[in-house]
Amino acid sequence: MLTIGLFNGLVYGALLLITASGLALIYGLRRVVNFAHGALYMLGAYIGYSIALSTNFWGALLISPLIMGLVGVCLDKAIFSPLQDRDPLSVLLVTFGVLLIIDDLVHAVWGRGNVSVAIPGSLNMTVTLFGMPTPAYRIAVIALGAAVVLGLLGLFRYTRIGLLARAASTDPTTTAMQGVNTDRVSSLIVGLGTGLAGLAGVAASPLYSLSPSMGGDILVNSFVVVVIGGLGSLWGAFLAAILLGLINSYGIMYLPGIAAVLPFMLMVAILLWRPAGLAGNRV
Amino acid sequence: MKIKSRDIRDVLLQLAVALAIGLGIATLVSSDTVLSLLAQAVIYAVFALGVGILLRQNGLVSFGHAVFFGTAGYLVGWLLERDMMPGGLVIVVSILVIMVAAFVLGLIFARVPGIAFAMLTLAVGQMVYLFVARSRSFLGGADGLQIDWPSSLFGLPLAAFYEPASMFFISWTVLFCLVALLTLLFRSRFGSITEAVRDNEERARFIGIGRLLPRAMVYAISAGISAVGGVLSALYTGFVSPESLHWSVSGAALVMVILGGYKKLWGPVIGAIVYFLIKDYLGEVTAYWMAVLGALLILVVVFSPDGIAGALSQMAPQWRRQRRPLPTAIPRRRTP
């Protein structure tokens with residue numbers, strides 16, 4: 001019982017982690033609360049579905065995040081960058097408008113019904129783990145989450161673009177004065193954040209069926225993660241996503257009556273304790 | 001709370017004009033479908049008015065006001081089922097309960113930095129939605145709740161709340177009475193205090209204004225107004241569903257507020273009417289009218305942040321804006 005809960009919690013936590021870290025990246029560089037993030041996750045999943053139909057799942061997992069990354073760069077060039085000096089509230093409202101447009105775009109192209117993606121053949125089996133049969137695909141999702149954590153940490157710690165992104169996030173003006181094209185750095189990181197939303201969408205598609213409401217669900221949960229973790233903090237988002245995943249899975253097992261409400265209760269409790277979130281104001 | 005008698009006279013005059021217009025529309029428009037559309041628009045205008053004053057006085061965007069809108073209907077239905085109070089009292093008690101709950105929530109929310117507020121309201125709103133949608137046993141779950149109204153309310157027969165023409169006029173009257181009350185409230189000291197906290201929290205604290213209490217009070221008032229909208233909606237349809245708590249409903253109200261313009265109290269009213277016109281007329285042409293609204297929302301936010309109301313009052317003749325000269329801050333030197 002205990003290990004099944006842990007395992008399922010980690011699977012959902014990994015998906016949340018990938019989505020929410022994208023949200024945190026976009027907030028970190030552009031100070032934008034991206035209400036369209038859930039819609040982008042959904043768009044990524046549906047694009048992945050179409051690609052999987054014509055090629056296979058692995059193609060979708062590779063190509064759909066790349067397409068979504070391009071979408072993110074376009075979004076940044078068209079909206080976030082020109083509106084950089086506006087107050088954050090108006091940009092938030094603009095992203096809400098983007099959400100409405102993407103939602104209807106998905107309805108128009110793929111319809112309003114549910115579709116599903118098959119688990120890729122090479123992972124469609126069970127592995128015995130700690131004496132328990134566990135689906136291999138779920139293990140792969142957890143591994144993907146871990147890879148994203150390591151990749152992001154490596155990117156920000158050891159590469160030049162990561163260094164510039166950290167600098168631009170801490171103090172964009174001074175960074176720009178040193179001759180860094182902060183606009184280009186921000187565009188790249190927004191693209192990366194959007195690509196991560198797409199990646200999570202594709203990775204989630206064999207587990208949950210694709211439906212027009214999937215964007216709203218993940219958006220609400222990602223917001224809970226980002227608020228608990230602290231706005232714009234990657235570490236906070238990692239930690240909060242795993243925590244939320246575990247609460248979700250143990251809640252369903254032990255407190256089914258109020259499982260749906262538990263994450264929000266946790267959020268309110270944490271905000272009362274630390275209004276700036278777990279990570280505080282550190283990035 | 002000192003209110004100038006000239007302000008009261010102005011507001012009463014405007015209220016009388018608004019009610020006369022409403023009566024004119026209710027009698028002159030004969031098509032029931034148009035009246036029904038208008039009644040719906042006015043009910044949502046009350047809801048949007050609540051969302052709008054939160055943005056106007058607190059500078060905060062709420063993605064969770066559908067909770068107050070929907071809960072009002074549920075609370076009324078639940079209390080009527082218990083049969084403890086007369087119908088009119090049930091409505092008043094429900095709205096007061098929601099205001100008190102919102103006040104407590106507001107005390108918590110006001111601690112959170114501004115931009116996280118929108119995310120927080122969205123999350124809490126979705127929590128209430130999930131809770132109600134899954135509580136099959138006592139709130140009807142996903143099927144919703146049929147409301148058992150008494151045969152007369154506030155001296156009016158129940159049929160008055162079903163008929164589009166009379167319901168349109170009732171909602172219109174409620175809406176403009178609320179606008180009048182809010183106008184007076186925001187011209188009083190309370191209005192200045194909340195605006196001070198909104199514009200510069202730190203300076204407001206320096207001159208001895210707390211930050212939590214004014215914010216929580218505005219939040220409670222805005223929730224109460226949205227709850228009035230919810231009660232009107234429950235009266236008109238006789239039914240409340242969990243969908244009325246969903247965050248897309250909060251989003252729709254926010255679209256109305258931004259399209260209409262939040263800086264004027266009547267902005268959300270115009271926004272709601274425009275929203276329903278677009279929904280009705282565009283909805284016949286294309287299923288994707290929400291995308292059109294989304295594009296419109298982006299255009300308004302980027303190019304005309306004061307919305308339709310802002311654009312209209314810019315076009316209004318100059319004398320209207322000249323009537324209230326700013327008080328001079330420097331005391332005039334008396335000539336010897």
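A: A:Ala118 lies in the loop between α4 (88-110) and β1 of chain A. Helices (H or I, at least four residues) and strands (E, at least two) are DSSP runs, numbered from the N terminus. A:Ala118 is exposed, because 11 other C-beta atoms lie within 10 Å. The cut-offs, with C-beta atoms placed from the backbone, are 20 or more such neighbors within 10 Å for buried, 12 or fewer for exposed, and partly exposed in between. A:Ala118 and A:Ala200 are 82 residues apart in sequence, and their C-alpha atoms are 16 Å apart in space.

This is a predicted model, in which local features need pLDDT of at least 70 and side-chain atom pairs count only at pLDDT 80 or more, while totals for chains, interfaces and linings use all residues. Residues are numbered from 1 along each chain as its sequence is written, and chains are lettered from A and ligands numbered from 1 in the order in which they are written.

Confidence comes next. pLDDT is the predictor's confidence in each residue, from 0 to 100. Chain A averages 86, with 98% of the residues at 70 or above. Strand β1 (residues 126-129) of chain A has the lowest mean there, 75. Helix α2 (residues 37-54) of chain A has the highest, 92. Chain B averages 83, and 93% of its residues score at least 70. The model scores ipTM 0.84 and pTM 0.86.

Another loop of chain A holds A:Arg31, between α1 (2-30) and α2. A:Arg31 is not a glycine, yet its phi is positive, about 55°. Most residues other than glycine have a negative phi. A:Arg31 is partly exposed, because 16 other C-beta atoms lie within 10 Å.

Now the core. A nonpolar core is a set of buried Ala, Val, Leu, Ile, Met, Phe, Trp, Tyr and Cys residues joined through C-beta atoms within 7 Å. The largest one has 196 residues, and A:Leu17, B:Ala45 and B:Ala123 touch the most other members. Helix α2 (residues 32-58) of chain B gives the most to this core, 16 residues. Contact means C-beta atoms, placed from the backbone, within 7 Å. Beyond four places in sequence, the contacts of A:Leu17 include A:Gly145, A:Val148, A:Phe238 and A:Ile242.

α2(B) is mostly covered, with 22 of its 27 residues buried. Its expected span is 1.5 Å times one less than its number of residues. That gives 39 Å, and its end C-alpha atoms are 39 Å apart, so the two agree. B:Gly59 follows α2(B), with a positive phi near 70°.

Chain B has 15 helices and four strands. Of its 336 residues, 46% count as buried. Its C-alpha trace spans about 80 × 45 × 45 Å along its principal axes.

Finally, the interface. 31 residues of chain B contact 32 residues of chain A. On the chain B side, the elements giving two or more residues are α5 (114-134), α11 (247-260) and α13 (289-303). α5(B) supplies the largest share, 13 residues. By class, this side has 26 nonpolar, three polar and two charged residues. Here Ala, Val, Leu, Ile, Met, Phe, Trp, Tyr, Cys and Pro count as nonpolar, Asp, Glu, Lys and Arg as charged, and the others, Gly among them, as polar.

How values were computed. Two residues are in contact if their C-beta atoms, placed from the backbone, lie within 7 Å.
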